[in-house]
Amino acid sequence: MKLFVDRCDSCQSKIYLKNVAITRTDLRRQIGFENFHLRCGTCQNEHIYSIYRVFAESEKTSTATGAVVGGLLGLLGGPVGLLIGGGLGAAIGGADDTEEQRRVDNFNESW
Ligand SMILES: [Zn+2]
């Protein structure tokens, strides 16, 4: 899960935060204030943002990774094994994605 400010006041780019927080309350506790300075990595302009402009997004990599890993395992078992292995890997990766999405929703719905 990655946190970002939506969006830069100058160039409208997303600005990703280095902070790792479960909720906005957690983020506020880390920063100590509701507003914070942040420099945009794209245009280098610094502005003050509210934590309410911070959102979370998932890093959707696990389904694809799971399918690849499963597919590789499946290669050992021939074409049928490939299908089973790929499906199994995607299912494992997909479970991770669901968990990731739950954490993203948890952050975005927090105050
Ligand atoms: Zn910018």
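Reader: In which helix does I84 lie?

Author: This is a predicted model. Within it, the helix that holds I84 is α3.

Reader: Is I84 buried, partly exposed or exposed?

Author: The C-beta neighbours of I84 inside 10 Å number 14. A residue is buried at 20 or more and exposed at 12 or fewer. The count of 14 falls in between, so I84 is partly exposed.

Reader: Which residues in α3 are buried?

Author: Helix α3 covers residues 78-108. Its buried residues are G85, G86, G89, A90, G93 and F107.

Reader: What distance does α3 reach from its first C-alpha to its last?

Author: Helix α3 has 31 residues. At 1.5 Å a residue, a span of 45 Å is expected. The model comes close to that, with a reach of 44 Å.

Reader: How far apart in space are I84 and F36, C-alpha to C-alpha?

Author: In sequence, I84 and F36 are 48 residues apart. Their C-alpha atoms are separated in space by 49 Å.

Reader: Which residues is I31 in contact with, leaving aside its neighbours within four places in sequence?

Author: I31 belongs to helix α1, residues 24-31. I31 counts as partly exposed because it has 16 C-beta neighbours inside 10 Å. From G85, which is 54 residues away along the chain, I31 is separated by 45 Å between C-alpha atoms. With neighbours within four places in sequence left aside, the contacts of I31 are F36 and I51.

Reader: How far apart do the C-alpha centres of domain 1 and domain 2 lie?

Author: The protein chain is divided into domain 1, residues 2-57, and domain 2, residues 62-108. The distance between their C-alpha centres is 31 Å.

Reader: How many residues of domain 2 are in contact with domain 1?

Author: Domain 1 puts 5 residues into this contact. On that side of domain 1, 3 residues are nonpolar, 1 is polar and 1 is charged. From domain 2, the number of residues in contact is 4.

Reader: Which residues is A56 in contact with, leaving aside its neighbours within four places in sequence?

Author: A56 is one of the residues of the largest nonpolar core, and F107 is another member. Neighbours within four places in sequence aside, the contacts of A56 are M1, L3, V104, F107 and N108.

Reader: Which are the edge strands of the open sheet?

Author: The sheet has 3 strands in the order β2-β1-β5, with antiparallel pairing. Strands β1 and β2 are joined by 2 bridges, and β1 and β5 by 4 bridges. The strands that pair on one side only, and so form the edges by their pairing, are β2 (15-16) and β5.

Reader: What is the bridge partner of V5 in β5?

Author: V5 also has a bridge partner in β2, which is I15. In β5, the partner of V5 is V54.

Reader: What is the omega of the cis peptide bond from D6 to R7?

Author: Most residues other than glycine have a negative phi, and most peptide bonds are trans. R7 lies in the loop between β1 and β2. The peptide bond from D6 to R7 is cis, and its omega is near 5°.

Reader: What is the positive phi of Q12?

Author: Q12 is found in the loop between β1 and β2. Q12 is exposed because 11 other C-beta atoms lie within 10 Å. Although Q12 is not a glycine, its phi is positive, at about 65°.

Reader: In which loop is Q44 found?

Author: Q44 is not a glycine, yet it has a positive phi of about 70°. With 10 other C-beta atoms within 10 Å, Q44 is exposed. Its loop is the one between β3 (35-39) and β4 (46-50).

How values were computed. Residues are numbered from 1 along each chain as its sequence is written. This is a predicted model: local features need pLDDT of at least 70, side-chain atom pairs count only at pLDDT 80 or more; totals for chains, interfaces and linings use all residues. Domain bounds come from an automatic or database domain assignment. Two residues are in contact if their C-beta atoms, placed from the backbone, lie within 7 Å. Ala, Val, Leu, Ile, Met, Phe, Trp, Tyr, Cys and Pro count as nonpolar, Asp, Glu, Lys and Arg as charged, and the others, Gly among them, as polar. A nonpolar core is a set of buried Ala, Val, Leu, Ile, Met, Phe, Trp, Tyr and Cys residues joined through C-beta atoms within 7 Å. The expected span of a helix is 1.5 Å times one less than its number of residues.
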